[in-house]
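Biologist: Could you walk me through this one? I'd like to hear what stands behind each term.

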Amino acid sequence: MRIHDLLLRATVRSPDAPAVLVDGATVTFAELSDRVDRLARAVAAVTAPGDRIAFLSENTLPFVDAYYAVPRAGRVLVPLNYRLHPSEWADQIARTRATTLIGETALVEALRPRLDGSTVRTVVTIDGPDPTYDAFTADPPMVDLPDPTDADLAWVLFTSGTTGTPKGALLTHRAMVAAATNTALGRPVAPDDVYLLAFALCHVAGYNLLIMHMHARPVVLVRRFDPDEFIALTLAHRVSNTSLAPTMVSALLEHPDATPSALASLRQIAYGSAAVPAEVLRRAMERWECDFAQGYGMTELGGNAVFLGAAEHRRGVADEPHLLHAAGRPGPLAAVRIVDAEAVDLIDLPIGTTGEIAVHGPQVFAGYWEDPEATAATLVDGWLRTGDLGRLDTEGLLTIVDRKKDIIVSGGENVASREVEEVLHRHPGVLEVAVVGVPDDHWGEVVCAAVVTRPGVPIDAEQVIDVSRQHLASYKKPRHVVFVESLPRNTSGKVMKHVLREQVAELLGAP
Ligand code: AMP
């Protein structure tokens, strides 16, 4: 099964049902299929099979077209993250040798000076006073489209690069369809669901589009997450489901209009892409009476592979608090192991021991674009080494401890940044917090907490350290506390800890 087969089948079943609700317009499955067919032929007319097509925009209808059309045409979609710098877009275009660029006029213009001498031959703009997209797709030639197999490459999706330079993850049709299927099995879709896509289509979480379309259900598209718009669209379209990054949950919790009655149509909020502190989760569950579900996944998995369902959330709030710290169980198409993080081979660790999370299944990516070394280090015997540390318990529940690269080694002891963050969140004055290691002559590294305070709740560094003292071993307590206006986050709401480390070093006056 290929990505575009999902759309085709939904169109056969429900041609007149809404597929995408965007900018006040409704696009049916039949209309979307027609758009996809025209874009596929337009792209095929100016490129060769296997060519890379870069796409640069926020969440827009043409992006949805390209989601299906480029793989349908046997070409490879390279979604560029609109939040990056033009030099980073240029780098990803150069690395993938993309021959076509489709995008928003302002972004394309910012990039254009860097396109001289690049492989890009065709540029198509989707908006502005003089968009060329409509003309490009209006009446494309009746070219023969190749018939890709499910093992063919559909996407090169760059990782968010929170721990280094982004790498291009190779996602085949099969991996994308498997990721969508695994999620639909792990977190079922109801026959009357209306889904609001709050994540960016250029992030792997955009695959929620496939999950909903697989069930011929509509997706409400927002250009980019904004709490006011989220609330208004939820009311207007009676949205039943959505997925949110932890920061989006927090932003809605702080929003006076995100009342239970305003969001009454929501039956389920799925969250993921980073850990949601248990305190935030508790408050969200108290505030909105819908189900909560967690997903754990990554770009290299085409989406989520591990799920914590609504029932476990309810048990977590009732009397099993450990469940609120867990990521869940693998969906039926995935398997999870905990292996020795330091060993090159996959060596299993006993239940309850923390090690590197490895995932197996049809959604695992095919490697990194032109990077055999990184591929060999990440794909071992068909298993994906995630770079995340976690543990499994006797019930098969996975708990994420931290990213391997975010572990702080202080005086020879490992400190998981996430554990400290969880605890600091218990102070009402802490709105957001991220913990990183800073170099220290004596201890090697010490814990530093960067805190965004909640307006109107005074808190000083000593109080932050005190919270930690009450709940954690002494070596885990922050030696430094810095107060910041905001944390550096990427499009999917993750704190970019490499950027934060630099900011903290500057604030602490490091040489
Ligand atoms: P990305 O490839 O940008 O989606 O980032 C994937 C990474 O996000 C994973 O390797 C984890 O470190 C983190 N992540 C994703 N989902 C969760 C989750 N539910 N809980 C904690 N961390 C998560």
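Modeller: Gladly! Contact means heavy atoms within 4.5 Å. By that rule, six residues of domain 1 touch eight residues of domain 2. This is a predicted model, where local features need pLDDT of at least 70, side-chain atom pairs count only at pLDDT 80 or more, and totals for chains, interfaces and linings use all residues. Residues are numbered from 1 along each chain as its sequence is written, and side-chain values use heavy atoms, with hydrogens and water left out.

Biologist: How do you know what area is buried between domain 1 and domain 2?

Modeller: Buried area is the accessible area (1.4 Å probe) that two parts lose on being put together, summed over both; here that comes to about 510 Å², with carbon and sulfur atoms giving 43%.

Biologist: And how many salt bridges are there between domain 1 and domain 2?

Modeller: A salt bridge needs a side-chain nitrogen of Lys or Arg within 4 Å of a carboxyl oxygen of Asp or Glu, and the count between the two domains is zero.

Biologist: Why is one side of strand 23 and of strand 25 left without a neighbour in the sheet?

Modeller: Strands are DSSP runs (E, at least two residues), numbered from the N terminus, and two pair if DSSP finds at least two bridges between them. The open sheet runs 23-24-25, with mixed pairing. Strand 23 (430–440) and strand 25 (480–483) each have a single partner strand, so they stand at the edges. Strand 24 and strand 25 meet the pairing rule with four bridges, in the parallel sense.
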